[in-house]
Amino acid sequence: MRAQSTNPGFLELIGRFAGKRMLAIGDLMLDEFVWGRVSRISPEAPVPVVKVTREAYYPGGAANVARNLHEFTGTTAVAGLAGTDGPGRRLLELLHEAGIDTEGVLQDPEASTTVKTRVIARNQQVVRVDRERPAELSREQLTRVAEHLDAAVAAADGIVVADYGKGFLNQALADEICRLARKHGKILTVDPHPHTSLAWRGATAIKPNRIEAFSAAGLPIAEPVEPACGDQALIEAAQRLRSLWQSGSLLVTLGEQGMLLFDGAAAPLHLPAHTHEVFDVSGAGDTAIAVFTLGLVSGATPAEAAELANRASGIVVGKFGTATVTPAELMAAFGA
């Protein structure tokens, strides 16, 4: 096991984030949070009755990745697909209000915008309701997206792809994104979805969680092992994925165990979680991939970028809702 990086330049790295131009690509969603109080059980079924006290909406999926990126840099764009339905309009309004460039968002009147509704009472999630109708891009839409991305990738310092398996990404688009990243010499990171089985050959880094790593590698999911760097089943899955995807680095998020970084020929680097209290894990993976990528484009080594992402994840899970981390919060985590 390698020693964890203690480079005193973390604050300088975070300071460089502000000047970067970032592009998020992937499945766009709307996250709805419904907060309420529970005082009784329903007479109709053994379920709690939630009296709603407030509601809030946030960009979700790749839109939440863009939101996390935009906390640190003033130039963030997003590419994806949204319906012209109410949730789609609300999502675009939220992105516009945040100052995120939505020129790359296709608006399709036939598409149904994915909405994830979380009902929260007594500081815990009671139920999640998903409204979605996954649909693949038409050939004409794929051409339009590819044409937009040629210029968008060239203008960005880094690209983050968030695959939530809702149909926006397919192998043809994945190949085109990888080709454009190589053509323009850009850093490309991917948060994959195991069920789409897309290959991201040549990406700078890929960030699955533990379950996704096993699924994408075609291996049965094994129980976690302590210490994580001795988890041979996970190491085997990571080796398969690195061979399959031919990525520079593989960062596996492990929840309460932190993260495990596979980079080059070096031994796996375990980064223990920096979580004090977990309130909500919604969007924690989005925060991790956003900050990890910002670290890479700002000159951090993969180990340093992983530590930045690890600290950011520890902060965001201590917040309710699909939250983000601010530069001040991340700097404070490193003693600023």
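The model is predicted, so local features need pLDDT of at least 70 and side-chain atom pairs count only at pLDDT 80 or more, while totals for chains, interfaces and linings use all residues. Residues are numbered from 1 along each chain as its sequence is written, and side-chain values use heavy atoms, with hydrogens and water left out.

Reader: What is the handedness of the crossover from β4 to β5?

Author: Strand β4 (residues 75–83) pairs with β5 (residues 101–108) in the parallel sense over 6 bridges, and A82 stands opposite Q107 in β5. Between the two strands the chain passes through helix α3 (residues 86–98). A crossover counts as right-handed if, with the strands pointing away from the viewer, the path from the first strand over the helix to the second runs clockwise. This β-α-β crossover is right-handed.

Reader: Which strand gives the largest share of the lining of the largest cavity?

Author: A cavity is a set of points on a 1 Å grid over the protein atoms alone where a 1.4 Å probe fits but cannot get out, and lining residues have an atom within 4 Å of a point. The search of the whole structure finds 1 cavity of 30 Å³ or more, and the largest cavity holds about 160 Å³ of space. Of its 15 lining residues, the closest to the centre are L81, S112, T114, A135 and K166. The largest share of the lining, 3 residues, comes from strand β4.

Reader: How many charged residues are in the lining of the second largest pocket?

Author: A pocket is an open set of points with protein on both sides within 12 Å along at least five of seven lines; a volume is the space filled by probe spheres set on the points, which are joined across faces, edges and corners. The second largest pocket holds about 180 Å³, and its 15 lining residues include L23, A77, D101, A152 and A155, which lie nearest its centre. Asp, Glu, Lys and Arg count as charged, Ala, Val, Leu, Ile, Met, Phe, Trp, Tyr, Cys and Pro as nonpolar, and the others, Gly among them, as polar. By class, the lining has 8 nonpolar and 4 polar residues, and the number charged is 3.

Note on methods:
Helix = DSSP H or I, 4+ residues; strand = E, 2+ residues; numbered from the N terminus. Pairing = 2+ DSSP bridges.
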